Amino acid sequence: MTIVLHRFPLSHFSEKARAALDFKGLDYRIEEHTPGLDQLAIYRLSGQRKLPVIEHDGKVVADSTEIALYLERTFPDRRRLLPEAPEKRREVLALEAHLDDTLGKYVPRVWLRHAPREEQYLDALGAAMGPFGHAGLGALAAVLPRAEARVGAVQRRFDEAERAVRATIAELSARLETSAYLVGDEPSLADIAAVALVHPLKFPPSRHVFKPELEGASMRGIAEDPALARFFDFRDRFYRDHLR
Ligand SMILES: N[C@@H](CCC(=O)N[C@@H](CS)C(=O)NCC(=O)O)C(=O)O
C-alpha cells in the first residue's frame, strides 16, 4: 500500500522523513500542508499538530525519527538505515539525536536571520510561493533586521543559533575527512538527518523540492561560505547518489 507523507513544503523535519522514504526505495505520495488551519486536520489524524506524519496500512506515525524507525522495522529487506552491529547502530542513533537537537532546533533561526539579506534566494522562494508568499517574505525582510538590531535578546538568540549550526557542520566536516559517510563507510540515518536538516538553507538537487524554481536556491551567506562548503558538497552528492 502506498505510503502517504504529510509535510510542510519547506520543513526540514519533513524533508528528513521524505529522505528516509527515498533511501529505502519506497513508493510514497506527498500531501502538502500549510501551517495554521491545516494543523487541525493533522491533529485529528495523529493526535499532535506537527509534521511530518505518515500514513501506511491503517497506521499513522508522527515524528521524523519515529517514522525512520517504523520504516526500518516494517521494511527490513530494503536498504538499511541502521547498521547491524550494535555499537555502530548506537553511534548512528546518538548522532541522529544530536543533529535533531542542533540542526533541527537552530536551522530555522539561522534561516530567519539570513533571509532578509538573501535577495536571489528570496526571489526564488517568492516565485515558488506565489504572490501571497512573496508579500509575506517582503514584510519579513523589512521587519527582521530592525528587530534584530533593536532587541538584544533576538540578536543573542540568532547568535546562539548560528554558532550552534556552524559548530555542528564543522563537526560533520571533520568526520568526513576520515570516512566516506558520517559513521563509517556506509550511509545511514545519521547522513539522512544531516543532509535533510539543512534543507531550507540550500534546497537540494531533488525532484521532490516543493517547486522546481527552488532546486539549488541557496542562502549564500551560509551555504556558500567556504568554511561550510565541504559539507554542502557532500550534501548535494548524497542527494545525487542516494535520493531522488
Ligand atoms: N521532533 C519532530 C519535530 C517536528 C517539527 O518540529 N515540525 C515542525 C515543522 S519543521 C512543525 O510541524 N511545526 C509546527 C508547529 O510547531 O506547530 C520530528 O522529528 O518530526
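Author: Start with D225 and R166. Their side chains meet in a salt bridge, 2.8 Å from N to O. A salt bridge here is a side-chain nitrogen of Lys or Arg within 4 Å of a carboxyl oxygen of Asp or Glu. D225 lies in the loop between α8 (220-223) and α9 (229-242), and R166 in helix α6, so the pair ties together parts that are 59 residues apart in sequence. Helices are DSSP runs (H or I, at least four residues), numbered from the N terminus.

This is a predicted model: local features need pLDDT of at least 70, side-chain atom pairs count only at pLDDT 80 or more, and totals for chains, interfaces and linings use all residues. Residues are numbered from 1 along each chain as its sequence is written, and side-chain values use heavy atoms, leaving out hydrogens and water.

D225 is buried, at 18% relative accessible area. Buried means under 20%, exposed over 50%, and partly exposed in between (1.4 Å probe, protein chains only). R166 is partly exposed, at 25%.

R166 has another partner. Its side chain meets that of E162 in a salt bridge, 3.1 Å from N to O. R166 and E162 are four residues apart in helix α6, about one helical turn. E162 is buried, at 11%.

Now put the pairs together. Salt bridges that share partners join R113, D159, E162, R166 and D225 into one network. Side chains of opposite charge can pair when their charged atoms come close. Across the whole structure, a search finds 18 salt bridges.

Methods: Helix = DSSP H or I, 4+ residues; strand = E, 2+ residues; numbered from the N terminus.
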